[in-house]
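The entries follow the order in which I looked things up.

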Amino acid sequence: MVEPANILRKDIQAHFENDDVARLKVLCIDSQGKLNPDQYQLIAFRMPQADWLPVLRAAQNAHPADFWTNFTLGVQLQIASPFEAIGYYRAAILVHPESPNVYTNLGGAFNAAGMPTQAKGKCLKASELGANNGKARSNLSSILAIEAMQSPKPDYSNAIKMAQDAVDKNPDLADAHNNLAFALRREGNVDGAIQASRDALDRTPDPASKKARRVNLVINLPARADVNAAQNSAEDSEEALAELQHLEVFSTGSIQHDPHYLRARVYNLQDA
């Protein structure tokens with residue numbers, strides 16, 4: 001008599017060959033722990049990204065101490081549900097307490113959850129453990145910039161240095177360029193911020209993220225026109241309007257991120 005687990009593996013193989021994603025998803029969720037963690041992840045990544053979470057959650061329920069399952073869940077939830085991601089990263093750290101990548105991501109999750117003190121500690125821990133991919137420095141730059149904003153005498157030099165280090169470590173990391181743009185703009189280096197915003201946009205393949213990058217670029221372009229109106233206003237306004245053609249309504253709770261507000265600001269600059 002064939003063991004149930006063997007039947008399940010044959011069933012999964014058949015649905016893999018037929019590319020029956022819906023059936024694979026049901027098998028994973030109903031498998032009652034009969035799959036190993038690698039099988040769960042293999043099946044999850046065969047599906048559209050929107051269907052990953054139920055399968056990964058089933059894997060975590062079946063194997064709560066598996067490092068990669070917890071780490072992958074943290075990655076998937078870091079933006080949409082940072083508090084939940086923090087829990088999964090902590091579970092991963094219990095398995096591998098010396099992993100710099102987990103501490104890097106945990107710092108990012110704390111930052112996304114609005115807990116900069118904890119975020120800073122985790123990013124520093126990642127650096128101590130040898131994180132060398134630039135991501136820990138990028139996260140730390142964002143935290144340092146926020147700290148500078150809240151200071152009576154803002155100094156963005158440390159945030160800029162950390163972001164530049166991140167760019168040097170990983171030139172393809174869009175977040176590092178974006179954080180560099182933010183710190184430079186806050187310091188008043190608008191030209192540098194514009195270039196960093198462009199670099200971030202060029203390295204962002206995801207359409208939703210591109211919207212946010214375009215907002216940053218459009219915000220910076222009129223700012224340069226404000227500083228050097230006579231020389232740059234017309235050129236910057238044209239470029240800003242071209243970028244605005246790519247934007248739909250993008251709400252972040254701030255009027256400055258509304259394309260209608262941005263477009264009005266650019267037209268005002270053209271009339272100045």
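**Aromatic contacts**

I began with the cluster that ring pairs form from Phe67, Trp68, Phe71 and Tyr89. The model is predicted, so I note its limits: local features need pLDDT of at least 70 and side-chain atom pairs pLDDT 80 or more, while totals for chains, interfaces and linings use all residues. Residues are numbered from 1 along each chain as its sequence is written, and side-chain values use heavy atoms, with hydrogens and water left out.

I counted 4 aromatic pairs in the structure. For Phe67 and Phe71, I found ring centres 6.0 Å apart and planes at 10°, so this pair is stacked. Rings of Phe, Tyr and Trp (its six-membered ring) pair if their centres lie within 6.5 Å; planes under 30 degrees apart count as stacked, over 60 as edge-to-face and the rest as tilted. I then looked at Trp68 and Phe71, whose ring centres lie 5.7 Å apart with planes at 90°, so I recorded the pair as edge-to-face.

I next checked positions in helix α5, residues 67-77 (a DSSP run of H or I, at least four residues, numbered from the N terminus). Phe67 and Phe71 are 4 residues apart there, which means a separation of about one helical turn. Trp68 and Phe71, 3 residues apart in helix α5, are also separated by about one helical turn.

For accessibility, I noted that Phe71 is buried at 14% relative accessibility, whereas Trp68 is exposed at 53% relative accessible area. Phe67 is buried as well. Buried means under 20% relative accessible area and exposed over 50%, with partly exposed in between (1.4 Å probe, protein chains only).

Notes: Helix = DSSP H or I, 4+ residues; strand = E, 2+ residues; numbered from the N terminus.
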